[in-house]
Amino acid sequence: MRWEGRRQSENVEDRRGMRVSRGSLVGGGLGTIALALLIIFMGGDPTAVLQSVDNAPVQTSDEPYVESPSEAEWRQQGQVVLAETEDAWNAVFKDLGGEYREPTLVWYSGAVESGCGFAEAAVGPFYCPADEKLYIDLGFFNQLDGQLADDRDFARAYVIAHEVGHHVQNLRGISTRAHELQQRVDEVEANQLSVRLELQADCYAGLWARRADKYAGILEPDDIGEAMTAASAVGDDRLQRSAGRTVMPDSFTHGTSEQRRRWFQRGFETGSLEACDTFKAADL
């Protein structure tokens with residue numbers, strides 16, 4: 001990915017020097033529980049959040065934080081990617097006759113207090129619609145490189161673009177409508193709605209990649225392959241097999257490796273919002 005020397009977004013908060021202790025938020029843990037429900041809704045594992053609930057209030061303190069050379073590179077690249085998503089989605093929303101509200105990217109280390117509640121790094125990157133912010137512990141990228149057995153910069157770009165995709169869903173009212181529908185159906189159907197949300201966010205990430213390459217020329221020959229490898233790595237079927245579990249399609253909340261790869265590719269090949277409408281797709 002050709003990211004060096006490009007504009008870095010200013011919509012960034014660096015909280016890595018802020019230490020947040022385990023505990024519930026003011027209000028008897030309602031914030032933490034809200035985040036757990038949100039993570040379930042967005043297709044994640046709420047275990048790390050629910051385990052953090054206790055009777056103590058959240059405690060924060062500021063400590064010096066010294067980033068490693070790798071973290072410095074990942075941070076700068078991430079802020080370039082965020083800037084590129086801003087350019088792309090501002091243009092898309094303008095074409096639709098609307099206005100794009102740019103989200104904020106929060107870097108944190110270990111644990112964080114978001115507008116949706118308290119979360120630890122174990123939940124992975126997430127988007128909080130309550131404050132319209134993306135939350136990423138840079139340590140996740142270290143895990144991602146280990147999982148992919150290589151330093152793949154566009155895989156990291158895919159992660160950020162996917163979370164921005166959830167922001168786009170929030171702005172367009174898609175996630176709200178899906179959440180309301182989930183309250184009226186059984187668990188299997190609710191899981192399917194979650195899958196459709198996740199695959200659409202993958203498709204939006206592909207749509208962004210197409211526009212970023214067309215207008216900014218940031219892609220290198222292997223970048224799309226890196227993104228699809230990353231998407232495949234977080235497929236529900238692959239994760240269940242890696243955990244030594246039986247693959248149970250009814251429990252899927254993100255989609256299979258093949259689906260995630262295919263919907264990212266669809267967004268990249270079409271560059272179309274309509275083509276990313278997973279809720280109208282008969283076959284995912």
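In which sense, parallel or antiparallel, do β1 and strand β4 pair?

## The sheet

In this predicted model, β1 and strand β4 (residues 104–108) pair in the parallel sense, with three bridges between them. One point of this pairing can be located by residue: Asp 14 has Trp 107 in β4 as its bridge partner.

The two strands belong to an open sheet of four strands, ordered β1-β4-β8-β7, in which the pairing is mixed. The edges are formed by β1 (12–14) and β7 (126–128); each has a single partner strand, so one side of each is left without a neighbour in the sheet. On average, neighbouring strands of this sheet are turned by 25° against each other, direction ignored.

## Helices on the sheet

Helix α3 (residues 69–95) lies across β1 and β4, and its direction runs at about 165° to β4. Helix α5 (residues 153–171) also packs on the sheet, where it touches β7 and β8 (133–137). The direction of α5 makes about 25° with that of β7.

The length of α3 can be checked against its residue count. At 1.5 Å a residue, its 27 residues should span 39 Å, and the end C-alpha atoms are 40 Å apart, which agrees. After α3 comes Gly 97, which has a positive phi, near 85°.

## Aromatic pairs

A pair of aromatic rings is described by the distance of the centres and the angle of the planes. With centres required to lie within 6.5 Å, the count comes to eight aromatic pairs. One of them joins Trp 74 and Phe 141: the ring centres are 6.3 Å apart and the planes stand at 85°, so the pair is edge-to-face. Because Trp 74 lies in helix α3 and Phe 141 in helix α4 (residues 139–148), this pair ties together parts that are 67 residues apart in sequence. Trp 74 counts as buried, at 8% relative accessibility, and Phe 141 counts as buried at 1%.

The rings of Tyr 158 and Phe 264 are also edge-to-face, because their planes are at 85°, with the centres 5.9 Å apart. This pair links distant parts of the chain, with Tyr 158 in helix α5 and Phe 264 in helix α10 (residues 257–270), 106 residues apart. Tyr 158 has a relative accessible area of 4% and is therefore buried; Phe 264 is buried as well, with a relative accessible area of 1%.

## An aromatic cluster

Which residues form one aromatic cluster? The members are Trp 89, Phe 93, Tyr 100 and Tyr 204.

Methods
Residues numbered from 1 in each chain as written. Predicted model: local features only at pLDDT ≥ 70, side-chain atom pairs only at ≥ 80, totals over all residues. Heavy atoms only, no water. Pairing = 2+ DSSP bridges. Axes fitted to C-alpha atoms, helices over the stretch in contact; angles between N-to-C directions. Contact = heavy atoms within 4.5 Å. Expected span 1.5 Å × (residues − 1). Phe/Tyr/Trp six-rings, centres within 6.5 Å; stacked < 30°, edge-to-face > 60°. Buried < 20%, exposed > 50% of the residue type's maximum accessible area, 1.4 Å probe, protein only.
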